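Here is a friendly walk through one protein model, from its charged pairs to its rings and its surface. Have the structure open as you read.

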Amino acid sequence: QKQSTNTINNRTLVVLIGEFSDDVGGEVTWSSLVRNVLDPSMADLALLIPDNDVVAQNSSLYKRAKYIWTYQNYNNDWADAIDLINTTSNWRLLLNTTL
């Protein structure tokens, strides 16, 4: 691994956000990312993934990541997540009146 250990010289952070899937290439794709992006730039890797993403947790990128942040997976219904961050308006009411 060419992962940087010198934080003064390394100013590159690659962040992958979202759920991992074997359907989009899996380890072949992740190896390409390492070979063509992370290694040449000596970038650190950060992952922002669902807390129940087993594919990500078993991937080579997970093992390589310097930073790993997780979030609750809302399984394609992000209304509850929007409720958590939207404290200024009743977006559900606004949406219902505009449709």
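The structure holds 3 salt bridges, a salt bridge being a side-chain nitrogen of Lys or Arg within 4 Å of a carboxyl oxygen of Asp or Glu. Please keep in mind that this is a predicted model, in which local features need pLDDT of at least 70 and side-chain atom pairs count only at pLDDT 80 or more, while totals for chains, interfaces and linings use all residues. Residues are numbered from 1 along each chain as its sequence is written, and side-chain values use heavy atoms, with hydrogens and water left out.

| Salt bridge | N to O distance |
|---|---|
| Asp39 and Arg64 | 3.0 Å |
| Asp44 and Lys66 | 3.5 Å |
| Arg92 and Asp83 | 2.7 Å |

What does the bridge between Asp39 and Arg64 link? It joins distant parts of the chain, with Asp39 in helix 1 and Arg64 in helix 3 (residues 60–64), 25 residues apart. Helices (H or I, at least four residues) and strands (E, at least two) are DSSP runs, numbered from the N terminus. Asp39 is buried because its relative accessible area is 18%, and Arg64 is buried too, at 5%. Here, buried means under 20% relative accessible area, exposed over 50%, and partly exposed in between (1.4 Å probe, protein chains only).

The side chains of Asp44 and Lys66 also meet in a salt bridge. Asp44 sits in strand 2 (residues 44–50) and Lys66 in the loop between helix 3 and strand 3, so this pair ties together parts that are 22 residues apart in sequence. Asp44 is buried at 7%, whereas Lys66 is partly exposed at 33%. In the bridge of Arg92 and Asp83, Arg92 is partly exposed with a relative accessible area of 34%, and Asp83 is partly exposed with 34%.

Now to the rings. A pair of aromatic rings is described by the distance of the centres and the angle of the planes. Rings of Phe, Tyr and Trp (its six-membered ring) pair if their centres lie within 6.5 Å; planes under 30 degrees apart count as stacked, over 60 as edge-to-face and the rest as tilted. The whole structure has 2 aromatic pairs. Phe20 and Trp30 have ring centres 5.2 Å apart and planes at 45°, so they form a tilted pair. Phe20 belongs to the loop between strand 1 and helix 1 (26–41) and Trp30 to helix 1, so the pair ties together parts 10 residues apart in sequence. Phe20 is buried at 9%, as is Trp30 at 10%. Tyr67 and Trp69 form a stacked pair, 5.9 Å centre to centre with 10° between the planes.

Strand 1 (13–17) and strand 3 (67–71) each give two or more residues to the patch, and strand 1 gives the most, with 3 residues.
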